[in-house]
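Here's a quick briefing on the model below. Have a look at it first, then read on for the ring contacts and the sheet.

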Amino acid sequence: TATHAFAAPGKVSVGLYVTDTNGTTAAVGHGITVGPPPPTVVFTPSTYTAVIGQTVSFTGSATATAPGATIVSYRWGWGDGTPDGSGPTATHAFLTPGKLSVGLYVTDSFGSVGAEGHSMTISAPI
């Protein structure tokens with residue numbers, strides 16, 4: 001097992017060479033694409049627990065980490081099957097009870113995507 005941090009994006013070849021105790025060597029190689037680092041993403045909901053129909057506010061932010069990159073889009077996945085939201089801030093009213101995951105997906109000008117998710121608990125009104 002090995003790890004390596006590539007210095008720049010691009011297509012590279014990675015190889016593994018193994019030599020046994022008899023001196024026999026075997027090798028395998030793969031081409032991989034190294035992309036620019038994704039944006040860092042954070043968001044906060046106005047509450048982590050809501051009742052059905054309650055509007056929850058979400059405030060997100062992102063920082064492009066690749067040199068020269070800018071943030072080009074924000075997409076909110078509500079986890080409840082409804083259409084996605086957009087923009088750094090959004091509101092959403094959940095219509096079914098349960099525990100679900102809300103995600104914010106941010107794309108930079110190089111096409112790299114950063115994401116953050118939070119669990120939400122939605123309950124029926126009492």
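At 3% relative accessibility, Phe 43 counts as buried, where buried means under 20% relative accessible area, exposed over 50% and partly exposed in between, using a 1.4 Å probe and protein chains only. Bear in mind that this is a predicted model, where local features need pLDDT of at least 70, side-chain atom pairs count only at pLDDT 80 or more, and totals for chains, interfaces and linings use all residues. Residues are numbered from 1 along each chain as its sequence is written, and side-chain values use heavy atoms, with hydrogens and water left out.

**Aromatic rings**
- Rings of Phe, Tyr and Trp (its six-membered ring) pair if their centres lie within 6.5 Å; planes under 30 degrees apart are stacked, over 60 edge-to-face and the rest tilted.
- That rule gives 6 aromatic pairs.
- Phe 43 and Trp 76 make an edge-to-face pair, at 5.1 Å centre to centre with 80 degrees between the planes.
- This pair links distant parts of the chain, 33 residues apart: Phe 43 sits in strand 3 (residues 40–45) and Trp 76 in strand 6 (residues 71–77).
- Trp 76 has 0% relative accessibility, so it counts as buried.
- Trp 76 also stacks with Trp 78, at 5.8 Å centre to centre and 5 degrees between the planes.
- Ring pairs tie Phe 43, Phe 58, Trp 76, Trp 78 and Phe 94 into a cluster.

**Sheet**
- Strands here are DSSP runs (E, at least two residues), numbered from the N terminus, and two of them pair if DSSP finds at least two bridges between them.
- Five strands, in the order 4-10-9-6-7, form an open sheet with mixed pairing.
- Strand 4 (49–51) and strand 7 (85–86) are at the edges with a single partner strand each, so one side of each has no neighbour in the sheet.
- Strand 9 (residues 98–108) runs antiparallel to strand 10 (residues 113–123), paired over 10 bridges.

Definitions and conventions: Helices (H or I, at least four residues) and strands (E, at least two) are DSSP runs, numbered from the N terminus.
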